[in-house]
Amino acid sequence: MRNLTVAAAQLGPIQRSDDRASVVLRLISLLRQAHDKKAQLVVFPELALTTFFPRWFVDDISQADHWYETEMPSKTTQPLFDEAKRLGVGFCLGYAELTQSGERFNTQILVERDGTIVAKYRKVHIPGHEHHEPDRPFQHAERYYFTPSTEGFGVWKAFSGRIGMMICNDRRWPESYRVMGLQGVELILCGYNTPLHYVPDPSQDVLQSFHNALVMQSGAYQNGTFVVGVAKGGVEEGVDSLADSSIIAPSGEILAKTTTNGDEVVTAVCDLDWCNNYKNTLFDFDRYRRPEVYGRITNQRGSILE
Ligand code: CDT
């Protein structure tokens with residue numbers, strides 16, 4: 001048995017007027033609640049330090065610089081690192097990153113129990129639109145604010161297991177899980193901000209909760225891995241977003257799930273050896289996969305109709 005107690009630390013809304021320091025206090029409170037529940041690793045949502053700012057468009061992107069982090073930890077986020085180290089708890093945190101060379105990424109880091117950053121992941125699948133769409137009730141201009149990462153999906157040895165990360169829209173793509181599955185991933189950490197209203201096709205609105213569970217439970221089962229999905233939920237600046245944070249086993253079963261759309265912690269004991277029940281049987285990749293007939297997966301992007 002390789003038991004790791006993992007916490008999904010869901011956030012309720014962060015309004016535009018909420019400053020970083022107040023958000024960091026909320027994160028520290030969640031960290032302490034998770035520690036009280038014996039958590040060793042605490043997972044926070046995507047863009048956990050600010051409101052989901054891609055819902056607004058600015059003509060000059062430098063006007064949005066204040067939403068991004070230029071260093072990690074920073075003076076404002078250092079107290080979170082300090083408290084995590086003091087408690088001996090690791091964490092995973094999503095934030096907007098502005099690099100020294102001016103690149104903008106939607107980023108998630110993994111921090112070990114000694115306070116060191118052991119891994120950084122930058123979002124691969126960037127959803128939404130590039131340009132201002134004034135007829136929408138709210139923007140989802142992630143493709144304006146973030147460059148898609150070309151680094152792909154890594155898996156890191158940490159917390160006595162193999163840990164991978166993905167961010168929000170990545171969870172809807174089977175390739176995200178599979179690329180990590182092929183590196184033996186045992187625990188995938190995923191923060192998300194998912195508006196309940198999907199502007200391009202509102203018929204999907206009532207299915208948001210179903211689709212969220214569908215993709216993460218399938219990804220877990222088909223790759224024999226735990227998946228932790230953590231929301232920033234509730235009504236943020238008038239936009240209602242999905243909560244439903246959950247911890248999913250390699251069997252595809254949900255082990256823990258939040259019941260509110262506010263700040264909330266749920267935990268589960270994850271025996272990472274459970275992954276082998278799937279990795280060594282039905283999903284023994286080396287025995288059963290047929291990569292020689294999967295060429296289209298990497299050779300083409302869109303469908304080709306003949
Ligand atoms: N943050 C993020 O990636 N959200 C998307 C919303 C749908 S695309 C407008 C998601 O896949 O949940």
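Predicted model: local features only at pLDDT ≥ 70, side-chain atom pairs only at ≥ 80, totals over all residues.
**The ligand and its shell**

**Polar atoms facing the ligand**

Arg-172 places a polar side-chain atom 2.7 Å from an oxygen atom of the ligand. Glu-142 has a polar side-chain atom 3.0 Å from a ligand nitrogen atom. At Asn-193 the backbone is involved: one of its N or O atoms lies 3.0 Å from a nitrogen atom of the ligand. On its own the ligand has 350 Å² of accessible area, and the protein covers 92% of that.

**Asn-193**

Keep Asn-193 selected and show its side chain. The residue belongs to the loop between strand E8 (187-192) and helix H5 (208-223). Is Asn-193 buried or exposed? Its relative accessible area is 4%, under the 20% cut-off, so Asn-193 counts as buried. The side chain of Asn-193 has a polar contact of 2.9 Å with the side chain of Lys-232. A polar atom of the Asn-193 side chain also lies 2.9 Å from the backbone oxygen of Glu-46.

**The loop between E2 and H2**

Move to Ser-62, in the loop between strand E2 (41-43) and helix H2 (78-87). With a relative accessible area of 39%, Ser-62 is partly exposed. Its side chain makes a polar contact of 2.9 Å with that of Asp-60. For scale, select Ser-209 as well: its C-alpha atom is 35 Å from that of Ser-62, and the two residues are 147 apart along the chain.

Pro-73 lies in the loop between E2 and H2. Inspect the peptide bond from Met-72 to Pro-73, which is cis with omega near -5°.

**Two residues with positive phi**

Select Phe-159, in the loop between strand E6 (155-158) and strand E7 (161-167). Phe-159 is not a glycine, yet its phi is positive, about 50°. Its relative accessibility is 2%, so Phe-159 counts as buried.

Finish at Glu-237, in the loop between strand E10 (234-236) and strand E11 (239-241). Phi of Glu-237 is also positive, near 50°, in a residue other than glycine. Glu-237 is partly exposed, with a relative accessible area of 32%.

Key: Residues numbered from 1 in each chain as written. Heavy atoms only, no water. Polar contact = N/O pair within 3.5 Å; in protein donor to acceptor, adjacent residues only side chain to side chain. Areas by Shrake-Rupley, 256 points an atom, 1.4 Å probe, with all protein chains shown as cover. Helix = DSSP H or I, 4+ residues; strand = E, 2+ residues; numbered from the N terminus. Buried < 20%, exposed > 50% of the residue type's maximum accessible area, 1.4 Å probe, protein only.
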